[in-house]
Amino acid sequence: MKWKLFRSSPLVGATVAALALAGGVVALAPQQAVASGTGLTRLISSSGSAQFGRVSTGADGLQFPEIRAGGSDAGAQPSDKVITNRSNSRPGRSGSHAASSTVTKSHTDLALSFAGLNHRNQRLANGGNQFSLEPPDQGLCVGNGRVLEATNDVLRVFDTSGIAVTGVVDLNTFLGYPAAINRTTNVQGPFVTDPSCLFDAASQRWFLTVLTLDVDPGTGDFTGTNHLDTAVSTTADPTGSWKVYRLAAQDNGTAGTPDHQCAGGFCLGDYPHIGADANGFYITTNEYPFFADGFHGAQVYAFSKAALAANSATVAVTQVDTAGMDNGNAGFTVWPAVSSPGQFATGAGGTEYFLSSNAADEANGGGSSTQLLVWALTNTSSLGGTPAVALSHVVLPVNGYAVPPKADQKVGPVPLVECLNSDPCATSFLLGVPDPFKPEAESPLDSNDTRMQQVTLANGKLWGALDTAITVGGENKAGIEYFVVKPSVSGGLSASLAKSGYVAVAGNNVTYPAIGVTPSGRGVMAFTLVGADHFPSAAYTSMDALAGAGDVTVAAEGVGPQDGFSGTKVFNDPAPARPRWGDYGAAAVDGKSIWIASEYIGQSCTLAQYTTAPVGSCGGTRTSLANWGTRISKVNVS
């Protein structure tokens, strides 16, 4: 979700008020961290079941309120170092330059590519009892001939030929909650966000985790209580039944949580991500005060994987707080590794690894860094009995990274923006009044903030990547830095950098990487490609621990620009427009194939088509307020 502070939005005009916005190896010695954490263990009980039920689709058209109340921060501000640049840490340049990657549309390794969930699916799910949401936040998991995609705020199962085997189910209904909003009564249900999923071949279970924020049903105001909901399938079939576990994350001493003294009385467990080893299932979060500015620190939650897979009535969870562990600073986006099938780390009583960066404001990084943090949670075999795990980390020197600039888009039709700029159109179809903030414009896309993205353990190595500012073709663009790390817990945690490098495309941007790697060490990194030559497109590159990244291959070319409400001034007031993208993609390994998921734009239309009834649908390809789409692809690796 990447929200630091929720604010109520002032009303703008009579009808606008109803739209509540709501390449190389660095040969330097690693530094051993002295801090470690053992955590606090508590018990949680299963709390209901989940399943794919009957689905219904709503009708086109705006229904007020269209956007859930509450606001995000302005994003990281691009850094002024010469490597990277972005949105709410200072955009920056890191001093690093990269040769432009070759872009190709020749893809003999691309076995399959199809359109996944999109904003229209999301908004019209559950009979239309939904809000409009940006960005999608993709989760993807694959196994047993099934492909599960989860986004904000819907999920669907496909077979491995790309044919849907379930309807589009909203996450509120799936998890047993009331609808996000009942369009008859305007009663609001919890805000479910940040989905991630994995299929664990060892236990033959599917895991889905989300962050759920409780609200006042009458007003939609956040109450402060929030929880991490994890659904675990009861069989190897994701279309069957699931057991749900809810873990309180407000960390104010209530509901079994520790008291982290967050300003305003409640902490927020933002941006959850998941991983697994032979013994445990892991969730990490970024913990902020819910109702105030600030940052407390990344949290690590460790569960017995066997207990969850058995759908036990009660499960122990151990929580480790990283506050102060990085030379007095907190860990930030400490991303847990997903183990490639059969690739578990067994040393030190079982080990789960994590990677993180420290350029962000949350880590007091000032927008740029030359450090990579490698974390290990050891003795994970104890999770099956009396948990006695320990978290430690080392710091590796790496080539620099910095907050990237926003990603410019290729110019194209943006009918939402064009309608807002026309007083008759805005009045008749969108606001009931002219847009008081016009002119609106096609917006650049959010390019992330140097936080670590998906981490994979395969062939004895950790693979991860992050977004960074990069100088390519003489311009400061959004690029990617990737890392291949060789960790060890023999005699204590140590790590060395096996390979690192940059991916960048002259005149364009690459954002939101996700790496999947087979047990043999062959990988694929997915991302969005966007810029002067490309509408937002789904792309990827091959990965190898020796050769690094290959050419950039376009899996699906975007057909138009992003044209969503988050990039407009009127739908963000009083906050600045922040054109959301990401917040993350995903990759999953299935045999010798790697499945990848990225956000892209799969539709385009003119203002005339946009204003043809049903208004905003453009022939059933989008909604009035957004046009994001997702792409799912299967890449065969030898």
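Analyst: Let us begin with one pair. Cysteines C419 and C425 are both buried. The model is a predicted one, and in it the sulfur atoms of C419 and C425 lie 2.0 Å apart, forming a disulfide.

User: What is a disulfide?

Analyst: A disulfide is a covalent bond between the sulfur atoms of two cysteines. In a model, a pair is assigned when the two sulfur atoms are within 2.5 Å. By this rule, four disulfides are counted here.

User: Which handedness does the link of C419 and C425 have?

Analyst: The link of C419 and C425 is left-handed, with -100 degrees about the S-S bond. By contrast, the link of C262 and C267 is right-handed, at 100 degrees. The sulfur atoms of C262 and C267 are 1.9 Å apart.

User: Are C262 and C267 buried or exposed?

Analyst: A residue is called buried when its relative accessible area is under 20%. C262 has 11% and is therefore buried; C267, at 0%, also counts as buried.

User: Which parts of the chain does the disulfide of C141 and C197 link?

Analyst: The sulfur atoms of C141 and C197 are 2.3 Å apart and form a disulfide. This pair links distant parts of the chain, 56 residues apart: C141 belongs to strand β5 (residues 139-143) and C197 to strand β9 (residues 191-200). The link is left-handed, with -115 degrees about the S-S bond. C141 is buried at 1% relative accessible area, and C197 is buried at 9%.

User: What pattern do the disulfides follow?

Analyst: With bonded cysteines counted along the chain, the pattern is 1-2, 3-4, 5-6, 7-8.

Conventions. Residues are numbered from 1 along each chain as its sequence is written. This is a predicted model: local features need pLDDT of at least 70, side-chain atom pairs count only at pLDDT 80 or more; totals for chains, interfaces and linings use all residues. Side-chain values use heavy atoms; hydrogens and water are left out. Helices (H or I, at least four residues) and strands (E, at least two) are DSSP runs, numbered from the N terminus. Buried means under 20% relative accessible area, exposed over 50%, partly exposed in between (1.4 Å probe, protein chains only).
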